[in-house]
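Have a look at it first, and then we'll start with its aromatic residues.

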Amino acid sequence: SVPPGVLPLCRWPSAWGRAALQPPGPLQPPGLPLAPCRAFSNNKILVELDESSGVATMKFKSPPVNSFSLDFLTEFCISLEKLENDRACRGVIFTSAIPKIFSSGLDITEMCGKSTEHYAEFWRAVQEMWLRLYGSNMVTVAAVNGSSPAGGCLVALSCDYRIMVENPKFSIGLNEAQLGIVAPFWFKDTFVNAVGHRVAERSLQLGSLYPAPEAHRFGLVDELVPEEKLQEKAAAVMAQWLALPDHARQLTKSMMRKAVLDRLIAHREEDIQNFISFISKESIQKSLRMYMEMLKKKKS
Ligand code: CO8
């Protein structure tokens, strides 16, 4: 169900792929239980629901870097809503199908040289993603298997628990200041709730990206594991959280997060207008263009 105050999505992508309930194939040995797994094949996110455990996996697969375009965000919200409304699903693990990258955050091209209407639609979709994820009734675990700057970090921070691959080449953080832009108050609130005010204040001002081991030291991620153990660990953590009665856990989660969610819900339109006027400034557009140039130069 849609959280109170959350507006319906503006655009709907092509319909869900076929929900494939795996029938036992003719070659399957008799007597083996039917694998209770439903897979939804979307464009940018692969969703698999294991009905026996009640756990779904949402795997980002939007090359080259899983950036959150308007299409990605729309698909994300629809996938999450579908799982939220599915009684068979109690928890979701978020991970990436792209090696070395969890997500590069918001798609910068969506914020460059576009119309006011486009900025409004894009920002509403970013808000929608966060409202749905931070306010989800399900247990949410981020299995961070690569770098996760800015919006990628926000997705991880919005989950109930974060497990990251211990590779120091993978970094995570809210680096908006490095792009010359400012993380909105609800990014900041989410960060503060995870790591505390002092760490958030310093990290946000400096736009710090932390290698996984450092991020773990101050609690930006809860646990580090070798890459090959990530999925197993995520499943174990999920099982631990799902061992509790849903209603008690859900009410507790809501008690902890409601004030922060309500703040955006109450100021949603204002937040969109702020985004539009900020991002439309020529100086900000210039910063973003320079940042994109820098990314390209780094490559060559
Ligand atoms: N958006 C759009 N394109 C991107 C993005 C992005 N976020 N990140 C990378 N790309 C593009 C690159 O430009 C490059 O394009 P091309 O192939 O055409 O040259 C391609 O993706 C591959 O990128 P790299 O070569 O850099 O790939 P690497 O594997 O070497 O590195 C990284 C991957 C680490 C993810 C690196 O690309 C990177 O650091 N990207 C930038 C990440 C970033 O800073 N994101 C911040 C986005 S802003 C945000 O999420 C919150 C904004 C809040 C709004 C504030 C209100 C104003």
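Tyr119, Trp123, Trp130, Tyr134, Trp186, Phe187 and Phe275 make up one aromatic cluster, built on ring pairs (Phe, Tyr and the six-membered ring of Trp, with centres within 6.5 Å; planes under 30 degrees apart are stacked, over 60 edge-to-face, the rest tilted). Keep in mind that this is a predicted model: local features need pLDDT of at least 70, side-chain atom pairs count only at pLDDT 80 or more, and totals for chains, interfaces and linings use all residues. Residues are numbered from 1 along each chain as its sequence is written, and side-chain values use heavy atoms, with hydrogens and water left out.

**The chain overall**

- The protein chain has 10 helices and 12 strands, taken as DSSP runs numbered from the N terminus (helices are H or I with at least four residues, strands are E with at least two).
- Of its 300 residues, 49% count as buried; buried means under 20% relative accessible area, exposed means over 50%, and partly exposed is in between (1.4 Å probe, protein chains only).
- Take the contacts (heavy atoms within 4.5 Å) between residues at least 6 apart in sequence: 73% of them join residues at least 24 apart.

**Aromatic pairs**

- In total, the structure holds 16 aromatic pairs.
- The ring centres of Trp123 and Phe187 are 6.4 Å apart and their planes sit at 10°, so this pair is stacked.
- That pair ties together distant parts of the chain, with Trp123 in helix α2 (residues 116-134) and Phe187 in helix α4 (residues 185-195), 64 residues apart.
- Both partners are tucked away: Trp123 is buried at a relative accessible area of 4%, and Phe187 is buried at 2%.
- Tyr210 and Phe218 make an edge-to-face pair, 4.6 Å centre to centre with 70° between the planes; Tyr210 is buried too, with a relative accessible area of 7%.

**Arg257 over a ring**

- The charged end of Arg257 sits over the ring of Tyr134, 4.2 Å from its centre; to count, NZ of Lys or CZ of Arg has to be within 6 Å of the ring centre and within 35 degrees of the ring normal.
- Arg257 belongs to helix α8 (residues 246-266) and is buried, with a relative accessible area of 10%.
- In sequence, Arg257 and Tyr134 are 123 residues apart, yet their C-alpha atoms are 7.5 Å apart in space.
- Setting aside residues up to four places away in sequence, Arg257 touches Tyr134, Ser158, Cys159 and Asp160.

- Helix α2 is mostly covered, with 15 of its 19 residues buried.
- Which residues of α7 are buried? They are Leu230, Ala234, Val237, Met238 and Leu242.
- Down the axis of α7, those buried residues fall within an arc of 130°, so they line one face of the helix; the arc is that of the directions from the helix axis to the C-beta atoms.
- An α-helix has 3.6 residues a turn, so residues three or four places apart point the same way.
- On the other side of α7, Glu232 and Gln240 are exposed.
- The cover over the buried residues of α7 includes β4 (55-60), β5 (91-96), β7 (139-144), β9 (161-165) and β12 (223-225).

**An open sheet**

- 4 strands form an open sheet with mixed pairing, in the order β6-β8-β10-β11; two strands pair if DSSP finds at least two bridges between them.
- The edge strands, each pairing on one side only, are β6 (100-101) and β11 (210-211).
- Strand β8 (residues 146-149) and strand β10 (residues 171-173) pair in the parallel sense over 2 bridges, and Pro149 has Gly173 as its bridge partner in β10.

**Loop details**

- The peptide bond from Pro63 to Pro64 is cis, with omega near 5°, and Pro64 lies in the loop between β4 and α1.
- Asn66, in that loop between β4 and α1, has a positive phi near 50° despite not being glycine, and it is buried at 0% relative accessibility.
- Ser69 is also in the loop between β4 and α1 (70-84); leaving aside neighbours within four places in sequence, Ser69 contacts Lys44, Asp107, Glu110 and Phe122.
- Ala150, in the loop between β8 and α3 (151-157), has a positive phi of about 45° although it is not a glycine.
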